[in-house]
Amino acid sequence: MHSSRSRSRRSARFWAGVVTAAALVAALIVASAAGAKAGHSTANTTLVVDNSFDLKSADPAHSGEPTGELVDRAIYDTLLTFNGANVATPIPDLASSYKASADARTYTFTLRKGIHFGDGTQLTSADVVFSLNRVINIKGVSSTLLAGVTVTAKGPWTVILKSATPNPAIPAIITNAALGITEAKVVKAHGGTSAPGADQSDKAESFLNSQSAGTGPYMLKSFDVASQVVLSRNPHYWGPPPAFQTVVIRNVAAPTQLLDVQRGTNEIALDLSPTQASTINSKSVLVHESPSANVIFLFANRNPQVSATASNADFAAAVRYALDYPGLVKLAGKGAVQAGGIVPSMFLGSLGAKQSIKTNVAKAKAELAASGLSNPTVKLEFPSDITLNGVAFATIAQRIQSELGAVGISVTLAGSPIATALTGYRAGQEEMGLWYWSPDYPDPNDYVAFLPGQLVGLRVGWTAGADATIDQLSHTASTSPDPATRAKAFQSLQERMNSIGPFFPLIQPGQVIVASKNLTNTVYNPVWYLNIAGVGTR
Amino acid sequence: MPASELANPQPFGPGRLASWWASRPVLSFVLRRAAALVLLSLGITCVTFVLTNLVPGDPAAANLGQLAVGDPTAVAAFREHYGLNKPLPVQYLIYLDHLVHGDLGVSEQTHNPVRHDLATYIPATAELALISIGIALVVGITLGVVAALRRNRLTDHVLRVISLAGVSMPIFWIALLALYVFFFRLGWAPGSGRLDPGANPPPHLTGIYTFDALVSGSWGTLWDALSHLMLPAIVLAGWNIGLLTRYTRSAVLDVLQEDYIRAARAKGLRSLTVIFRHVLRAALPAIVTVLGLLFANAMTGSVLIETIFAWPGIGQYAYHSATSLDLPAITGVSLFVAVLYVSINFVVDVLYGVIDPRIRIT
């Protein structure tokens with residue numbers, strides 16, 4: 001009797017356990033489904049931007065990565081800015097106007113009056129001087145933007161930037177979000193300094209990663225370099241208020257972005273490749289495809305000590321004409337274009353399609369024969385773990401190997417992770433290399449680095465004085481205050497580089513922005529991707 | 001202390017120490033493990049330092065932008081800030097000194113103290129891993145027992161195929177497929193992330209959202225967190241379910257051959273009683289053996305799962321640390337993983353003793 005009762009009690013306990021477990025599982029499934037439904041109906045006041053994060057800091061003085069530009073552009077105003085995709089003419093932002101000296105060394109900015117920070121303090125020239133000097137003295141990612149520039153105030157509403165050398169790019173440079181203006185009083189109160197030695201003594205970064213101190217359309221609500229950045233509308237903003245109360249910028253891989261943007265509302269995906277975008281058949285999104293400002297290029301090292309083969313000028317010419325440029329453009333997908341020169345197509349002084357290098361296999365073979373090299377073999381190094389705008393460098397490298405093989409050049413592929421590949425590239429030790437350049441600011445002066453004796457030129461063994469014509473053109477191109485003169489000089493310069501230089505500009509891959517159909521103004525900007533504050537609704 | 005010892009106190013010599021030590025097996029076990037952990041941690045910091053520096057890469061080149069890396073002033077400032085301008089042995093000694101004081105250094109990728117980063121990202125992975133292992137244990141053991149009891153029948157064949165598929169299919173592919181079907185097509189699961197976009201996390205207690213929301217009574221956040229957790233946890237459990245099903249099936253089959261099981265059945269005990277009280281208990285040591293493996297799978301699988309589901313955990317942090325040659329972060333993550341593994345092995349050893357009294361005696 002006792003045993004039977006005990007058994008039945010055990011049995012009851014067992015079934016109670018089973019029922020409880022089943023109820024728990026059912027509750028989790030219901031919760032999941034209910035949560036899923038709730039998740040789809042993101043409030044109309046929230047904009048969601050999906051991006052594969054390249055982000056280190058929200059502090060403008062420590063920022064410079066693409067996601068940092070995207071975030072800081074929404075939080076911090078700059079002296080000048082650009083409207084939408086137009087990066088040819090800077091327009092007023094915090095400065096109502098500016099004046100350049102005839103020698104392009106001195107720029108005088110007149111500030112708008114009545115602009116206030118979040119705590120009600122009015123913005124003055126002291127804030128501008130503090131912010132820009134802080135960037136310079138922190139010696140961080142963006143300090144080189146203002147190399148050789150001194151910043152001073154003349155009264156509360158005038159700021160003067162003086163460059164040691166003529167620099168017509170300064171109006172374009174100061175649009176960079178890393179040069180956004182912070183409130184000096186607040187930043188100083190949290191350990192910030194703009195004095196020399198700020199690289200060791202400035203302690204304000206953690207504060208600026210927790211809250212913002214700017215005058216921009218949004219304020220920082222939360223910041224996590226790995227997951228998401230949340231912005232909320234700045235009630236004190238001096239311009240027209242942005243359309244969305246809250247913006248959530250999420251770190252999401254491209255394949256997931258593809259699904260998110262088609263399910264979501266008020267959602268934007270920034271990192272889809274043209275191939276991924278071509279799979280979209282949802283009517284609830286709009287796909288914008290345009291050439292990006294990234295230039296993927298190939299080079300043959302001019303230093304004979306690095307490579308007797310690659311440094312041969314006729315060999316370089318053979319490579320130049322052997323490449324199938326239209327094929328590479330097709331490989332990169334919609335929105336991609338051939339890079340006419342090293343300066344991207346949307347910038348001052350870029351080359352048109354007619355002036356770009358044309359494939360000529362017969363000429364390539366003739367050049368190779370003229371080089372005196374018999375069955376040359378070269379090593380092509382590239383970052384094997386990088387995909388730029390959906391284009392994998394390994395794929396381009398394989399294509400190049402095949403195309404050069406067709407004219408008699410054997411290519412050994414040597415891909416390695418970017419962290420290690422950069423070392424050989426920056427030390428000038430690569431025989432041939434496949435790399436890219438993203439603009440730091442939308443002005444052709446950013447590409448002077450490719451000239452002989454300059455930063456990238458030296459990496460490929462192109463030393464100063466290598467070509468007198470280029471030297472002459474580069475001086476005019478980089479220092480003339482007249483935009484038309486500069487444009488012409490940069491075009492001539494690139495034509496010369498295309499005919500005798502060690503660089504072979506290949507493609508500008510397509511930049512894809514996919515957005516919910518109800519969103520407007522989701523325009524690609526070459527420097528900060530997207531002006532979040534400018535996004536509206538239909 | 002016995003009265004005889006009080007009357008004739010023995011000197012505290014090696015013999016007495018050995019007997020005192022032998023009379024406290026648990027303490028001796030814990031102390032041995034703790035000593036092993038210290039030595040292991042030291043070894044890991046040393047190996048990480050040496051290996052990271054053997055990689056032909058430059059942290060300054062990996063972390064500074066394309067223009068700044070050409071500026072010697074910026075490069076020098078970076079090296080000084082992170083102590084990279086000192087010789088490697090000096091860097092290592094400084095690191096050990098800081099480590100003793102609980103300072104793991106500052107991450108070059110996030111600019112935050114590594115301790116802060118670990119405290120931020122570990123709870124996210126822990127939440128995912130614990131729920132996933134819980135699911136794997138329940139489902140895997142159940143399926144394993146069913147497969148063993150239905151040996152060589154259709155159910156067994158189907159479950160063996162399922163478990164083989166579980167351990168064979170790449171986890172990132174299953175993750176993408178699950179997201180596509182349950183989020184994109186059916187709308188049963190929410191999208192990526194730990195919470196809906198713009199939702200506020202619960203008040204911070206542990207960083208484990210479900211727990212924090214439960215404790216603080218934030219029911220809306222609890223449902224939100226649970227709904228976001230289920231799909232990645234189930235996908236992450238897939239591999240472990242396959243593994244556990246196979247192990248459990250094999251262990252249960254071994255036990256089913258034993259005479260005492262036949263005797264139990266002959267006595268007329270109910271089938272479920274035989275399974276739970278006799279078969280499963282005897283098979284548990286073999287199953288517990290794979291517990292460490294389950295954690296290892298959860299940790300390695302989390303890198304891919306976290307990427308697909310935009311889950312801000314330690315897996316993504318480790319990946320980005322490695323690709324940017326962020327030495328303090330790499331060392332911090334390595335130390336965490338080492339401590340985790342030693343702790344799990346310790347728990348497994350203790351569990352052996354709990355499950356099987358024979359081990360306790362030996």
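**Entry 1: A:N251**

I began with A:N251, which lies in strand β10 of chain A. Strands (E, at least two residues) and helices (H or I, at least four) are DSSP runs, numbered from the N terminus. The model is predicted: local features need pLDDT of at least 70, side-chain atom pairs count only at pLDDT 80 or more, and totals for chains, interfaces and linings use all residues. Residues are numbered from 1 along each chain as its sequence is written, while chains are lettered from A and ligands numbered from 1 in the order in which they are written.

Is A:N251 buried or exposed? I found it buried, with 24 other C-beta atoms within 10 Å. The cut-offs are 20 or more other C-beta atoms within 10 Å for buried, 12 or fewer for exposed, and partly exposed in between, with C-beta atoms placed from the backbone.

Next I looked up its contacts (C-beta atoms, placed from the backbone, within 7 Å). I left aside neighbours within four places in sequence. In chain A, the partners of A:N251 are A:N51, A:S52, A:F53, A:A226, A:S227 and A:Q228. Chain B supplies B:A310. I also checked A:A226: its C-alpha is 6.6 Å from that of A:N251, although the two are 25 residues apart in sequence.

**Entry 2: where the chains touch**

I then turned to the two chains. In chain A, 53 residues are in contact with 53 residues of chain B. On the chain A side, the elements that give two or more residues are α1 (2-40), β1 (46-51), β10 (246-251), α8 (254-263) and α14 (418-426). Which element gives the most? It is α1(A), with 11 residues. I sorted that side of chain A by class: 24 nonpolar, 19 polar and 10 charged residues. Ala, Val, Leu, Ile, Met, Phe, Trp, Tyr, Cys and Pro count as nonpolar, Asp, Glu, Lys and Arg as charged, and the others, Gly among them, as polar.

**Entry 3: a sheet in chain A**

I traced an open sheet of 4 strands in chain A, in the order β4-β5-β7-β6. Its pairing is antiparallel; two strands pair if DSSP finds at least two bridges between them. The edge strands are β4 (95-100) and β6 (149-153), each pairing on one side only. From one strand to the next, the twist averages 20°.

I looked closely at β4(A) and β5(A). The two run antiparallel, and 5 bridges join β4(A) to β5(A), residues 106-111. Here A:A95 stands opposite A:L111.

What lies across β5, β6 and β7 (158-163) of chain A? I found helix α3(A), residues 125-138, running at about 160° to β6(A). Axes are lines fitted to C-alpha atoms, for helices over the stretch in contact, and angles run from 0 to 180 degrees between N-to-C directions.

**Entry 4: helix α11 of chain A**

I listed the buried residues of α11(A), which spans 325-332: A:L328, A:V329 and A:A332. They cover an arc of only 100° around the axis (taken from the directions from the helix axis to the C-beta atoms), which puts them on the same side of α11(A). I recalled that an α-helix has 3.6 residues a turn, so residues three or four places apart point the same way. The face turned away from the buried side carries the exposed A:P326 and A:K330. I checked what covers the buried residues: the elements include α13 (393-406), β20 (503-508) and β21 (510-516) of chain A. Just after the helix, A:G333 takes a positive phi of about 90°.

**Entry 5: chain B**

I counted 17 helices and 0 strands in chain B. Its C-alpha trace spans about 85 × 80 × 45 Å along its principal axes. Of its 362 residues, 40% count as buried.

I picked out helices α7(B) (114-149) and α11(B) (219-256). Their axes come within 5 Å and cross at roughly 35°. The contact residues divide into 24 nonpolar, 6 polar and 2 charged.

**Entry 6: two positive phi values**

I noted two residues other than glycine with positive phi: A:Y529, near 65°, and B:N152, near 60°. A:Y529 is in the loop between β22 (519-520) and β23 (536-537) of chain A. B:N152 is in the loop between α7 and α8 (154-168) of chain B. A:Y529 is buried, with 22 other C-beta atoms within 10 Å, whereas B:N152 is exposed, with 9.

Notes: Contact = placed C-beta atoms within 7 Å.
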